[in-house]
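This report examines selected side chains and aromatic rings. Please consult the sequence and the structure below while reading.

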Amino acid sequence: MSQAAVKSNSPKNFWRTGTVWLVVGLVSLLLVACGDAATPIPPTATPSFQQKFRQDNNPDLFYTMNFPEGWTRAAVDATSVVYTSPTDANLKIGLVSKSIVKLKPDDQSLLQVRTTQVKNANPGTREDPGGGGTLNLLDTTVSVNRLSYSSNNNDLIQYIAQVNNVKAERGYLLFGISTAKDSSIYQPLYFDSFRSFTSSAPEVARGESGVADPTVLVANAGGKIRPVNAREVRGQYLKMVEWQSPPLNVNVKQPTLSGTFPLDYDWRLRPFPTPAQPALYLTSPIVDNNANQAVIQIAIFKDAFKSATPSADDWRAFYSPTLNTLAAQYVQSFGTSIQPLEVTQAGPLYRVPFTARNTKGEVGSRGFILFGHSGTHGILGVISISPGSAAKQNLVDGFDRDFQTIISSLKVNY
């Protein structure tokens with residue numbers, strides 16, 4: 001017998017070897033008894049929505065809504081658009097916008113048409129009215145229906161809701177589609193997008209005959225800022241001219257705004273920050289990566305002050321609730337991370353700069369909120385600057401100075 005064999009069979013080595021095998025055996029028994037519990041299972045991956053939302057202003061279909069950055073917009077037809085995820089073609093957010101004469105608040109015709117289309121295309125579709133819960137928008141609450149169906153070997157869930165702008169006689173259908181297995185993950189994303197929806201459709205004024213007033217239709221069509229005289233104001237960045245707006249509330253033919261405005265900006269009538277507030281919506285020429293360099297919104301608050309010389313308390317009573325509304329609904333549309341909104345006095349105005357970033361720290365927009373007055377009437381002005389221009393401090397400073405010139409010049413005429 002070899003020396004190595006004698007050494008391996010010695011009592012000392014026997015107990016050492018036996019102990020090792022005993023431990024191995026016990027561990028094996030425990031693994032068998034516990035089944036799969038001893039094998040670590042990697043967690044199921046869930047999509048990350050830490051990306052920036054992007055605001056889409058669509059003047060053709062009369063809406064503004066946020067959708068995830070990177071999702072592509074495609075027109076389905078003259079009344080519909082769909083935003084699709086770049087990573088999964090089953091993930092979609094869509095909108096239908098249609099004029100409906102003498103629209104009633106409870107109209108559900110667009111929802112019914114959509115439901116019928118899905119059922120006809122996908123036999124066996126199950127409809128769950130109100131199954132998606134409710135959606136709280138700016139001034140209304142709507143019920144969300146849930147459709148379950150199979151298409152192209154995929155089990156899908158579709159959330160649909162109809163929103164009506166009665167005064168504009170325009171109905172909207174909002175919908176979101178996901179795979180059934182991931183519907184609980186994507187529903188919050190879709191609802192966040194839906195909540196950002198705002199109708200920009202102008203009101204339809206009808207006479208006693210029920211026919212739309214043609215002068216109202218012309219005013220709502222908008223146009224470009226063009227000078228009313230030869231006077232020009234050369235700002236730090238903008239070229240500005242004297243201009244007077246049409247009536248911001250075309251139904252009552254008032255108020256109008258006169259003063260200094262940016263030359264060649266497009267103007268439209270669009271309520272802001274609530275549907276009841278008459279306002280102007282101005283957009284710059286498209287120069288920044290196929291986006292408007294700046295968007296300006298100017299709203300009028302009739303008799304916001306008791307006198308034409310407001311006190312500090314009067315100013316706080318005016319800007320505080322409006323600022324809260326803007327912070328919660330408007331500024332956050334550019335990014336969820338927002339610097340504190342601090343109010344400072346800037347000459348005759350009260351000024352609030354803002355920067356909105358996504359969770360990666362990328363700037364969605366920079367801008368300024370200004371509060372002014374004309375007599376007893378309050379004026380709210382908001383300018384939002386595109387990400388490309390917001391990266392250039394000289395442009396931001398130029399917009400800041402020129403926007404103060406614009407708001408300071410305004411006269412409200414009732």
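## Surroundings of T64

Leaving aside neighbours within four places in sequence, T64 is in contact with Q55, D56, N57, S196, F197, T198 and R270, where contact means heavy atoms within 4.5 Å. T64 belongs to strand β2, residues 63-68; strands (E, at least two residues) and helices (H or I, at least four) are DSSP runs numbered from the N terminus. With a relative accessible area of 4%, T64 is buried (under 20%; exposed is over 50%, partly exposed in between; 1.4 Å probe, protein chains only).

The side chain of T64 also makes a polar contact with that of R270, at 2.8 Å. Such a contact is a pair of N or O atoms within 3.5 Å; within protein, one must be able to donate a hydrogen and the other to accept it, and residues adjacent in sequence count only if both atoms are side-chain atoms.

## Basis of the model

The model is predicted: local features need pLDDT of at least 70 and side-chain atom pairs 80 or more, while totals for chains, interfaces and linings use all residues. Residues are numbered from 1 along each chain as its sequence is written, and side-chain values use heavy atoms, without hydrogens and water.

## Surroundings of D400

D400 lies in helix α8, residues 393-409, and is buried at 11% relative accessibility. Its side chain forms a polar contact of 2.9 Å with the side chain of R351.

## Charges over rings

The charged end of R114 sits over the ring of F175, 3.8 Å from its centre. This requires CZ of Arg or NZ of Lys within 6 Å of the ring centre and within 35 degrees of the ring normal. K302 lies over the face of Y414, 4.8 Å from the ring centre.
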